Number of protein chains: 2
Amino acid sequence: MRPLLHPSIEDITVEGLLHALSDPVRVSMFVDIVAQACPQNCSNFLVVSDRAIPKSTLSQHFKILREAGLIRSERHGVEMQNVSRCTEVDERFPGLIRAILVAHGIQSKDEARAKKSAAKKSAKRAGGAGP
Amino acid sequence: MRPLLHPSIEDITVEGLLHALSDPVRVSMFVDIVAQACPQNCSNFLVVSDRAIPKSTLSQHFKILREAGLIRSERHGVEMQNVSRCTEVDERFPGLIRAILVAHGIQSKDEARAKKSAAKKSAKRAGGAGP
DNA sequence: TCAATAGTTCATGAATCCGGAACTAATGAA
DNA sequence: TTCATTAGTTCCGGATTCATGAACTATTGA
C-alpha cells in the first residue's frame with residue numbers, strides 16, 4: 001500500500017481546491033471535518049445527507065480532498081484520522097476557504113427553507129397529513 | 001438551435017460555480033470577461049495562455065460558465081457578447097467570486113515567478129543562451 | 001495464528017470531456 | 001432572392017474520469 005500523498009503548500013492549486021469542493025458529497029465531508037474539533041475517520045461518513053456512500057467511493061473522495069491539500073490524513077492504529085489544513089491553505093490563498101464555506105452555508109439554509117416550504121405545500125394539498 | 005439558458009439567481013449553486021472555475025481555461029476566460037469593460041465575444045479566446053483552443057471546445061466552456069450563472073451571453077447581430085454576472089452572484093454569495101479571483105491572481109503571480117526563475121536557471125546551465 | 005475492523009486498490013460499466021466535421025443563424029454583396 | 005462569409009452550436013468518436021462491488025492489505029486483539 002503506497003503512502004498517502006499530501007501536497008506541500010506551494011503545490012496547492014486553486015483549480016484543485018475548487019474541483020475538490022465542487023462535489024456535494026465532498027463539501028459536506030469537508031464541512032464536517034472543519035466543524036468537528038476532533039479528527040474524523042472514514043466511517044463517520046458512511047451516510048452523507050441521507051445517502052449511503054460505499055467505502056470505496058468514500059476512500060476516493062478522501063483521496064481527492066487530501067491531494068487537493070484540503071485535509072491531512074494520518075493513520076492512528078487501525079483507523080485514519082482526518083484534519084483540515086485550513087490554516088495552511090489560508091496562508092497561501094487568504095479568505096478562499098472561508099468564502100466557500102460561507103457560500104455553502106447560505107445555500108444549505110436556502111435548500112432547507114425550500115424543502116420545508118415544499119413539505120408545507122404538499123401537506124396542504126394532502127389535507128394536513130405531512131410526510 | 002435551442003435558446004441559451006441562464007439560471008435565475010436562486011438556481012445558482014456553489015457546486016456549479018466551483019466546477020465552472022475549476023478548469024484553468026475557463027478561469028482565464030472568466031478573468032478576462034470580468035477585467036474587460038466591453039463584452040467579450042468567443043473569437044477573443046481562440047488562444048488562451050499560449051494554447052490554441054478549438055471553437056467547439058470554447059463553445060462548451062462558454063456554455064458551462066453560462067449555465068453556472070457566471071456570465072450572460074447575448075447575441076448581437078452575428079456575434080455573441082458575454083458579460084459577467086458578478087454583481088448578481090455576489091448578492092447571493094457575498095465575497096465568493098472575489099476570493100476566487102484573488103486566489104487565482106496569487107497563483108498566476110507564483111507561476112510567473114517560478115517560470116522566470118526556471119528560465120534563469122536553464123539559461124545559466126546553457127551558458128547564457130536562454131530559450 | 002486467526003478473526004475482526006478500517007481502509008485501499010483493482011476492474012468495469014457509466015458519465016463526462018475534447019475536438020474535428022457538419023450544421024445553423026445573421027449579415028452583406030451581387 | 002440567392003450566395004458567400006462570419007460566428008457559434010451541435011453531433012459524434014475516442015480519451016479520460018467517476019462510481020462501486022470484489023478482492024486485497026494493514027493493524028489490533030483474542
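Me: Is R92(A) buried or exposed?
Reply: R92(A) counts as buried, at 14% relative accessibility. Buried here means under 20% relative accessible area, exposed means over 50%, and partly exposed lies in between, with a 1.4 Å probe and protein chains only.

Me: Before going on, what kind of model is this, and how are things numbered?
Reply: This is a predicted model, in which local features need pLDDT of at least 70 and side-chain atom pairs count only at pLDDT 80 or more, while totals for chains, interfaces and linings use all residues. Residues are numbered from 1 along each chain as its sequence is written, chains are lettered from A and ligands numbered from 1 in the order in which they are written, and side-chain values use heavy atoms, with hydrogens and water left out.

Me: Back to R92(A): where is it, and what does it touch?
Reply: R92(A) is found in helix α4 of chain A, residues 86-92. Helices (H or I, at least four residues) and strands (E, at least two) are DSSP runs numbered from the N terminus. Not counting residues up to four places away in sequence, R92(A) touches I9(A), E10(A) and I12(A), and also I106(B), Q107(B) and D110(B). Contact means heavy atoms within 4.5 Å.

Me: Which residue does R92(A) meet in a salt bridge?
Reply: Its side chain meets that of D110(B), at 2.4 Å from N to O. The pair crosses between chains, since D110(B) is in helix α5 (residues 96-125) of chain B and R92(A) in helix α4 of chain A. A salt bridge is a side-chain nitrogen of Lys or Arg within 4 Å of a carboxyl oxygen of Asp or Glu. D110(B) counts as partly exposed, at 23% relative accessibility.

Me: How many salt bridges cross between chain A and chain B?
Reply: The rule finds two across that interface. One of them joins D110(A) and R92(B), with the closest N and O atoms 2.4 Å apart. D110(A) is partly exposed at 24% relative accessible area, whereas R92(B) is buried at 14%.

Me: How much area do the two chains bury?
Reply: Chain A and chain B bury about 1800 Å² between them, 65% of it on carbon and sulfur atoms. Buried area is the accessible area (1.4 Å probe) that two parts lose on being put together, summed over both. In chain A, the residues that lose the most area to chain B are E15(A), L18(A) and Q107(A), together 31% of what that side buries.

Me: And how many residues are in contact?
Reply: There are 23 residues of chain A in contact with 23 residues of chain B.

Me: What about E88(A); which residue is its salt bridge with?
Reply: E88(A) forms a salt bridge with R72(A), the closest N and O atoms being 3.2 Å apart. E88(A) lies in helix α4 and R72(A) in strand β3 (residues 71-76) of chain A, so the pair ties together parts 16 residues apart in sequence. E88(A) is partly exposed at 28% relative accessibility, and R72(A) is partly exposed with a relative accessible area of 28%. R72(A), R85(A) and E88(A) are linked in a network of salt bridges.

Me: Lastly, how many helices and strands does chain A have?
Reply: Chain A has five helices and four strands, in the pattern α-α-β-β-α-β-β-α-α along the sequence.
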